[in-house]
Amino acid sequence: MNSGPDDPPPDAGAAAGDVTGPTDGAASRVLFVDDEPGAADLAATHVERLVDGIETVTRLSPDEALDVVREGRVDCVVSDFDMPGADGLELLESVREIDSGLPFVLFTGKGSEEIASEAISAGVTDYLQKGAGRDRYEMLANSVANALGRRRAERDLREVNAKVTAIHEFATELASATDIATVLERTVDATEEILEFDRCVTARRRGDRVVPAVLSESVTEEEVRAFDVGEGVVGTTVAEGETMVVDNLSVDPADPDELEDPSSPGRPTAGADRRRGSEVADPVADDIRSAISVPIGSHGVLQAVSNGYAAFDERDVEFAELLAAHAANAVEQIETENALRRERDRLTALFHDLPLPAVRTVALGGGERRLDATNEAFEDTFGYGADSGYEEVRSEVVPEGADRLGPEAVLERDEPSRLEVRRRTADGMRDFILHVIPVKQPDETVIYSVYADIEDQKRVERTLRRLHATTREMFGGEDREEIAGLAARAAIDILEFPSSGVRLYDPEANVLCPTAISAEATAAFGDRPAFGPGDGRVWEAFETGQPVAVDDLDAVDTAVGYGDLRSLLAVPLADHGVMPLGSEEPGFFDETDVQLARVLAANVTVALDHAERTEQLRDRDAALQREIDRLEKFAGLVSHDLRNPLNVASGRTDLARSLTDDAAVVDELERVGDAHDRMAQLIDDLLALARQGRTVDEIESVPLDEAAERAWRTVDTAEATLDVSAATAAVDADPERLRTLLENLFTNSVEHGSTSSRAEPDDSVEHGSTGSRTESGDSVEYNSEPEAGGDEGLTVSVGSLPDGFYVADDGVGFDIDPEEATEYGRSSTARGTGFGLAIVREIAAAHGWELSIDGDDGARFEFGI
């Protein structure tokens with residue numbers, strides 16, 4: 001670990017370590033064997049010049065060459081073939097007996113296919129003929145360089161495999177460690193033995209400090225000290241959780257030239273991404289120059305140092321990180337086991353002090369358990385202790401067919417489980433939440449079962465369900481008095497209050513009238529008058545809108561008497577009144593009772609609101625029906641009173657037309673006739689509008705496609721086409737009103753869907769019915785006569801929607817706001833009345849449908865149901 005010259009004397013600290021890497025930097029040694037001295041020396045000279053980093057040795061006979069090989073410092077052999085005593089292949093065989101992997105290049109002047117074949121069969125690394133020319137030595141140099149490269153790669157691979165195997169064995173050993181100190185000690189040993197680092201230290205994080213733990217034998221305590229997290233190389237490694245490699249600690253960061261190795265000028269620091277740590281380095285020892293610092297997870301650091309420049313290569317970093325990762329895993333495993341052990345101890349203490357019933361069992365395998373212990377609350381609740389057998393307790397406590405968690409399911413989940421159960425206690429059946437907690441120990445698995453009593457909660461839930469059912473019944477009540485009677489009984493039958501009542505407010509008299517008083521309440525204090533302002537706690541609850549509770553009526557002054565009642569709870573019903581609840585027992589109503597009473601009061605309030613709205617709707621419907629009847633009678637009178645003079649005017653016009661041949665007069669009479677037709681059409685549409693606006697009659701499920709086809713047959717559609725392929729659902733509607741709606745929309749599309757049907761370009765366009773209609777009973781028949789060519793190629797589509805249906809055409813759409821087209825009197829033709837879409841709107845409103853219109857591309861009418 002690093003420190004500066006001004007740092008305090010080293011206390012226990014994370015240390016530096018010196019390391020000698022696995023590579024020694026020695027030149028590769030190449031042995032040249034040839035019985036001709038000049039030939040061996042010449043080949044050695046050329047190869048030594050052409051290949052960097054090699055040392056050459058020459059020998060004149062195979063026997064001398066074998067002596068050199070036996071010495072063990074040969075990395076490659078280059079041999080002639082034809083030599084006295086033994087040829088090159090015989091030498092190869094002898095060399096391979098000494099070192100089976102030693103590269104062997106046969107470099108011979110006696111070349112033939114036979115020799116080449118024998119050489120290859122014998123396993124030479126390469127076979128070259130001496131030949132003539134300088135390039136033969138270049139080829140030899142390449143062959144030697146390749147052979148040495150493969151030799152080094154194979155040696156490196158063996159070294160890597162050996163280290164990986166050793167690291168694997170190291171990780172296996174760590175699995176048996178039971179304390180963190182042992183893990184850190186074995187990590188230092190492995191760093192020295194496997195990575196061959198001789199100055200290293202492991203440090204452990206303790207809060208905001210990094211403290212040395214285990215040192216190499218070559219590291220003294222004077223060379224290490226503790227660091228703050230973020231201080232120095234070690235502290236920074238812990239803070240950032242990343243490996244730091246420093247190639248040169250003894251330089252000035254402001255002088256880049258000093259970053260070079262003085263012994264090798266110009267040599268850059270190894271690794272493009274290696275961090276220059278000079279700005280954070282704080283070495284303790286003076287001879288430290290390079291360092292590697294690797295985090296051991298979040299627990300500490302493995303650091304090694306060297307007095308050499310850039311002593312750690314990338315492979316050193318990889319292996320150091322691998323060692324540190326295994327160490328971190330071991331530390332985490334130990335900490336986890338320690339935490340589990342502490343948790344088990346805590347659970348044991350908690351088990352005995354827990355106020356909830358708890359039992360501890362041991363899983364024996366095969367679905368069997370042994371009852372190990374029970375706490376005092378369990379014995380008090382269920383009546384059984386640890387001296388009872390597991391099967392005995394289970395058969396007595398767990399009812400037949402009740403829910404339970406088997407040990408197999410608990411062990412499979414390996415985590416706490418929760419189950420709502422019903423169990424037999426010493427006081428009878430009760431509801432519990434059962435928490436089952438498995439705790440795995442080295443020799444067995446302990447299962448804790450903890451019971452939380454929820455009997456009161458379940459009683460409240462059952463009460464709320466019954467209140468919900470009563471609320472549905474109150475919603476079916478005919479009037480407020482019936483609802484009040486149901487509420488008074490629910491307070492006694494469901495909430496189990498001794499007496500109850502409902503007082504509804506009379507705004508004209510400004511009093512709370514005794515609308516529904518239970519028989520129990522009447523027996524307690526007799527018949528009661530209406531309460532007004534100042535009449536006790538009941539009026540106070542109504543006036544303030546807040547519940548009023550009195551634990552003992554005899555202990556307080558009251559404006560009115562309450563007979564034998566001692567406890568009172570008055571719950572307001574908003575503007576409708578109050579529910580007074582009572583008991584002859586003082587302090588009867590607890591917090592749960594108050595909450596349940598408020599729930600009942602809220603439901604009663606909603607039911608009363610519903611009854612009030614229903615009564616208002618009935619009154620409104622009656623008034624609306626009277627208005628509709630009046631309008632229909634008015635429309636009928638208007639129709640009758642206008643038709644007679646209109647018929648006379650039409651007859652006179654016909655007579656006048658027959659008495660003259662003057663073309664000008666006839667033309668004027670034709671205009672008068674058109675005006676009469678227009679007036680008749682207005683009368684018919686006015687009558688139809690009045691009738692269609694009334695409430696609908698019987699509602700039926702009507703297939704949309706069938707209704708559309710029936711309506712289409714009653715409309716003069718000429719060449720237009722109806723498409724009902726998308727009308728796949730039925731519509732709940734008054735069949736006759738739905739038919740009339742569709743007839744008006746079809747007529748509107750046919751008469752206004754094509755440009756050729758327009759009278760003038762600047763007319764306001766409204767998709768409404770312009771055909772004349774005649775009454776026949778309650779039905780309306782349309783006799784539409786569209787202009788020629790107005791419906792050519794027009795398609796009218798009717799289809800279903802997820803929440804309704806639509807009618808659309810592919811015509812020219814609207815020239816005005818589509819919503820304005822549904823207003824009375826808006827039409828795009830001089831002959832139109834503007835009532836067609838108004839009738840559609842009225843029919844939709846009578847059904848409660850929501851109408852939307854889109855006129856961007858044709859006309860589309862959507863009805864939301």
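Modeller: Happy to. Helices (H or I, at least four residues) and strands (E, at least two) are DSSP runs, numbered from the N terminus. S797, for one, lies in strand β27. This is a predicted model, in which local features need pLDDT of at least 70, side-chain atom pairs count only at pLDDT 80 or more, and totals for chains, interfaces and linings use all residues. Residues are numbered from 1 along each chain as its sequence is written, and side-chain values use heavy atoms, with hydrogens and water left out.

Biologist: Thanks! How many helices and strands does the protein chain have?
Modeller: The protein chain has 20 helices and 30 strands.

Biologist: Back to S797: buried or exposed?
Modeller: S797 counts as buried because its relative accessibility is 19%. The rule is that buried means under 20% relative accessible area, exposed over 50%, and partly exposed in between (1.4 Å probe, protein chains only). Over the protein chain, with its 865 residues, buried ones make up 45%.

Biologist: And what is S797 in contact with?
Modeller: Apart from neighbours within four places in sequence, S797 is in contact with D723, Y806, V807 and A808. Contact here means heavy atoms within 4.5 Å.

Biologist: What share of contacts in the protein chain join residues at least 24 apart?
Modeller: That share is 64%, counted among contacts between residues at least 6 apart in sequence.

Biologist: Now the nonpolar cores. How many residues has the largest one?
Modeller: It has 34 residues, and those with the most contacts inside it are L741, L742, F746, W849 and F863. Such a core is a set of buried Ala, Val, Leu, Ile, Met, Phe, Trp, Tyr and Cys residues joined through side-chain atoms within 4.5 Å.

Biologist: Which element gives the most to this core?
Modeller: That would be α19, with 6 residues. Several elements supply at least two residues each, including α18 (704–713), α19 (735–752), β27 (795–801) and α20 (836–847). There is also a second, separate core of 31 residues, which includes A177, I296, L302 and F319.

Biologist: Let's change topic to T237. Which helix does T237 lie in?
Modeller: T237 lies in α7, which covers residues 232–240. With 0% relative accessibility, T237 counts as buried.

Biologist: What does the side chain of T237 reach?
Modeller: It reaches the backbone oxygen of V233 at 2.7 Å. A polar contact of 3.0 Å also joins the side chains of T237 and S293. A polar contact is a pair of N or O atoms within 3.5 Å; within protein, one must be able to donate a hydrogen and the other to accept it, and residues adjacent in sequence count only if both atoms are side-chain atoms.

Biologist: And A597, where is that?
Modeller: A597 is in helix α16, residues 591–658. A597 is buried, with a relative accessible area of 2%. Its C-alpha is 7.6 Å from that of A491, although A597 and A491 are 106 residues apart in sequence. Beyond residues up to four places away, A597 touches L495, F497, L569, V571 and L581.

Biologist: How confident is the predictor, and what is the mean pLDDT of the protein chain?
Modeller: The mean pLDDT is 78, and 80% of the residues reach 70 or more. pLDDT is the predictor's confidence in each residue, from 0 to 100.

Biologist: Where does pLDDT stay under 50?
Modeller: One such stretch is residues 757–791, for which the model has 110 contacts beyond four places in sequence. Where pLDDT is low, the predicted coordinates should not be read in detail.
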